[in-house]
Structure formats: structure tokens, C-alpha cells
Amino acid sequence: MSHHPNQFDLFRTRRFLPLFLTQFLGAFNDNLLKNAIIVLISFHGLRLSGLSGEVLIQLTAALFILPFLLFSATSGQICEKYDKASIARMVKLLEVLIMLVAAAGFWLNNGYILMSTIFLMGVHSTLFGPLKFSVLPQYLRPHELVGGNGMIEMGTFISIILGQVAGTLLVGMDSHHATLISALLLCAVLGYLSSRAMPAAPSSIPELKIDWNMARQSWQIVNHLRGNRPVWLALLGISWFWFLGAIYLSKLPSYADLVLNGDETVFTLLMTLFSVGLGIGSMLCERLSGSKVELGLVPFGSLGLCLFGIDLYFATPAMAASRLDWWQFVHYASHWRLMADFALIGIFGGLYIVPLYALAQSRTEPEFRSRAIAANNILNSLFMILSAAFAAVLAHFHVSIPVVLLITALLNLVVAAYIYTLLPEFLMRFVVWILTHTMYRIRHEGLEQIPEEGPCVLVCNHVSFMDAMILAGSVRRPIRFVMDHNIFKVPVLRFVFKTAKAIPIAPAKEDPDAKQRAFDAVAAALAEGEVVCIFPEGRLTSDGQMSPFRTGIEEIVARTPVPVVPMALCGMWGSFFSRRYGKAMLSIPRRVWFRIALKAAAPVPPAEVSATGLQQQVAALRGDWQ
């Protein structure tokens, strides 16, 4: 059986742990600072230029976002041109200086100084953001990318929780905030020390000339990404998540205070549930996706965001008669559904966001990766500004906070449907993921034999109409299937295989030109370095036994010499999609849930490929398990 490495094993490696700690400490400090200031505004009367508390909270969000809009393009170029580990150390030194400024602001209780540090930490995050995501593909192997992203996201959300809790607790511990100041400085210093342990991450284009015209460069990198449709739409999906998140985060203090009549600890509790959920969802991605970039989780995640966002409106209880702290709040049974909604919104948010980040990293050319993340930060900041404007308009019309959150959830439903219409691959992968994970418990053996890159052909026995779906849901790389043209007449499967660019083929006696067109398409796909899969039996088995392999595989390899990977499906005979009980999908299912296996052998060099030899290998892999 192939080994599925545990994502927690990455903590044992120097290529991940120092980066994780550097990011964790930076995110903790960021939230410690921001939450301490928000608590001072919301619950301790900090004011600036006569502005109300709610306006000041919106101002802190705007000041933090502004640097992403202004400096992301420059930051992306810097991360592209120089060693990313060296940049990390410089950014962490900047954080130490910022925290010294923040120390003065807290000591003097000066709102102007504190607001300036919010902007400066935005600059810090603008510089570090492209680095942390673009360096992951340099540090990690392809099969570690989803797990690594999940761990980074999980760590970020845990640090958010801890930073918020610490900010709430430490800000009121002493009159001059000495404990809070000490924590801020300590974290900044520890972050710098952890950055020094990061391995070198050399530039892929050290000759790059930095364009300091921020507006021109921002337009250029965004325009460049629009040419890569899957990555562009993934980045739009990420930015939409930030739109949602900005509304939730900006409304949550007022929601806890004005709607639930809770104190700052109730606000912290709800943020903790949301953040823990995000961390859990991020970690689940690696397990649910089988260590590959599984786009099928994205619609699944967005569906959960919609459903539980809508339920949050209906779960909002009447305002408590007296002020509640978090301990009193959790004792009311009427609040449990509300708390569950916040946690589940977080979980489905993690399932939504991690595959999108992994897709953007894996499908962006390495020499442009940092700038792609910078472009994402620009889009994120624009979407967050739009969310602030959207919230301000609703506030102007006195729309209640629960209704604002309901409108946001309904908007998410519309936007998600629109994105999946533009890029059907997301929806196709969702259908594949649902079908293969609800009906089958799949054991994988030897799938690491499939080359990580470069062209190859997969050959497999053909038992059911679900065979291609099982392979598509199990193999990390996208597959171009050569399918009987009749498969395109089957509902659902037609959508899946058309979206996956399957290659239709028909028997020569039915359509003499179809075979030639199919073989031309296979040659073109292999020339592009893609993975092609064929079922050399040419039809579904009608008795559970393998039919002789046809010689088409020999013709394919003779025309385009590439390695061939023998594969075997075991346990599919007797499923609803096989012909064991008559015509497939027309007989009454004997069972709903199956244990099956997908096995792969070592690639066969092109010079040794023969239909007979491949059949013998597939038969040996399958054994007696039909």
C-alpha cells in the first residue's frame, strides 16, 4: 500500500518548521496588536479626533488593508528577485522596530501612534505575504503542498485565536500596558530568530529589474494573471473569501456587544470558534484530498459557507436581559446553535480556501509565483474595501447586523454559482469527489509509481462506468481519458468527462475517422506533457473477467514513445455501475457502499510495451479480487 505521509511530519523538517514558526509568531503579534487596540476602542473608550468607536474599528481595518493595495506589486517583485529567506529576516527586523513604536503608543495611551502601527503592520504583512506562499513550492514536494498549505493556514488561525485572547486579556492588566508591551516585543524577537533558521530559497530570476511604479506594475501583474484562467478564477475565489471574512470580522464586535449583549469575552469566544473551525477545515483538506490539489472541496466548502451563514441569521437569539461574559453565554442552550454555526462556517471556510491557494501555487509558473501572490493581495485588499463600502451602505440604511450577515451568505450563493459557471472544472471535481467518496472506500497501492511530471499513459482494466471517476479522484495529476463515445450520452458522466477534456473514440466499423481523430488527440496531449488513460479492453467486462487488451496502446506508444503505467481496479464488479446483474445502472443495487482498491505497478519503458505484456501485469495486480 502506498504511504500517505502525515502532514504533521513536516514539523520535523527544517524546510518547514522555521517558516511555520515565523508565520505563526507574526500572525500572533499582528492579532495581539490589532485586538488590543480594538478592545481599547470598543470596551475602554479609546477615541481619536472625535470619531465613534464603530468608525474607528472600520478605520483600523482600512489602515491595515491600505498597504496591500499600495505596495503588493513591489513586494512581489522583491520576493521574486531576492532570496526569500533573506527577505524574511529583513521583514522580521522591521517587525521589531514596529513593536517598539507600538510600545510607545500603549505606554502613552496615544491613539495616533497606535493607529500608525496598524498601518505599519499592514506594510509588514504586505511584504511577508507573497513570501510565505510562494516559498512553499520551493520548500515542499508536490504531494506535500496541500498538507503544507493546510498547516500554514491552521497555524495562522490558531495564532489569530491566541492573539485575540491575549489582546483581550493583556490590554487591561496594568495601567501602562507593560505586560502587553513585553509580549509584543518578545514575539517580534522570537519571530526574527525563527526566520534565521529558514533554509535558503534562491531567486528564480535574480536579473529581474524592479519597477517602482506601483500602479503600472500592479496593473501588469494582474493583467498577466488574467491569461491563466484557472489561477485567475482561483484568486478571485480567494478574494471573495476575504470579502466575506472582512464583513464577519468587522461586524463581530458589534454583533457580540449590541445584538447578544455580551462583553469582550463573548466576542473573543465567537472569534475563537470561527478560527478553530478554519484551522480544523484547513487540516481536513489534506486528509480529504488524498495529498493532492482537490478542487472538488471548493464547491463543498462554499456550500457549507452558504448554508451555515444563512442559518446564523435564524439562530441569532433575542438579546440577553443582562450583560453576559463568555461563561454565562455558553450556559444558555439558545446560544449553542449559534456557536455551532460560527464553528461550521470556519470549517467550511478552511475546506474552501486551502485548495484555492494550492491551485494558485501549483499552476503558476515558478518565476511569477511571488508576483501572483502579490496580485492576490491586491485583489484581496480591493475586495475588502468593497466589503467595507458594502457594510457602510447597509449601515446607512440601518440594516441590522444579523440581516447584513444573511445578505452576505445569500450573496455568497450567487457568486459561487457564477464562478463555477465560468470554470466548470471546480464543479466537475466536486461531482467526482462526491461520487467517489460517498459510495467507495478506496485503498491505494503504488500510486507513487505514476511520474510526478512529464507525459505518460495509464492502462487499466474496465469494470464499470465509474472506473474513470475513481482514477480521476485518486491520481494527483489531471488525466485525459480516452472514452467510448457512448459515455458522453450518460447524464452527469457526460458533464464530468467533457469538462475533463476526455477524448471520445468509436469502433472503426461505426466511425472510421473517429479512431484516427482520437489517436491524434492522444499524441497532442502527450506532446504537451499530459497524462492519458486508456482502457485497452475497449469495453466494460460482462462477466468480471478481463478481455484481451487491444493493440491500440502499442500504436500510441509507437507514435509517441512514453512510459506506460499498468493499473488495476479491484472490487468494482457487482457495483451499480457494472454489468454483473444485467445492464449497468438499470438493475437494483445489491449494496450501496463498496471497499475497493486501485493499484499501480512500475512504469513500463516505451521499448518494452506490448498489449499482451500489459494485460499480464494488470491481471497480476488485480489478482482474484474482481
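Leu186, Val189, Leu190 and Leu193 form a nonpolar surface patch of about 340 Å². Patch members have over 30% relative accessible area and no salt bridge, and nonpolar side chains are joined within 5 Å. A salt bridge here is a side-chain nitrogen of Lys or Arg within 4 Å of a carboxyl oxygen of Asp or Glu. Leucine 193 sits in helix α7, residues 178–195.

This is a predicted model, where local features need pLDDT of at least 70, side-chain atom pairs count only at pLDDT 80 or more, and totals for chains, interfaces and linings use all residues. Residues are numbered from 1 along each chain as its sequence is written, and side-chain values use heavy atoms, leaving out hydrogens and water.

**Whole protein**

| Property | Value |
|---|---|
| Secondary structure | 21 helices and 7 strands |
| C-alpha span along principal axes | about 85 × 60 × 40 Å |
| Accessible surface (Shrake-Rupley, 1.4 Å probe) | about 25600 Å² |
| Buried residues (under 20% relative accessible area) | 58% of 626 |

Helices (H or I, at least four residues) and strands (E, at least two) are DSSP runs. Carbon and sulfur atoms account for 64% of the accessible surface.

**Arginine 15**

Arginine 15 lies in the segment before α1 (17–44). A polar atom of its side chain is 3.0 Å from the backbone oxygen of tyrosine 139. Contact means heavy atoms within 4.5 Å. Leaving aside residues up to four places away in sequence, arginine 15 touches Leu10, Tyr139, Leu140, Arg141, Glu144 and Pro199.

Definitions and conventions: Polar contact = N/O pair within 3.5 Å; in protein donor to acceptor, adjacent residues only side chain to side chain. Patch = residues over 30% accessible without salt bridge, like charges linked within 9 Å, V, L, I, M, F, W, Y side chains within 5 Å. Buried < 20%, exposed > 50% of the residue type's maximum accessible area, 1.4 Å probe, protein only.
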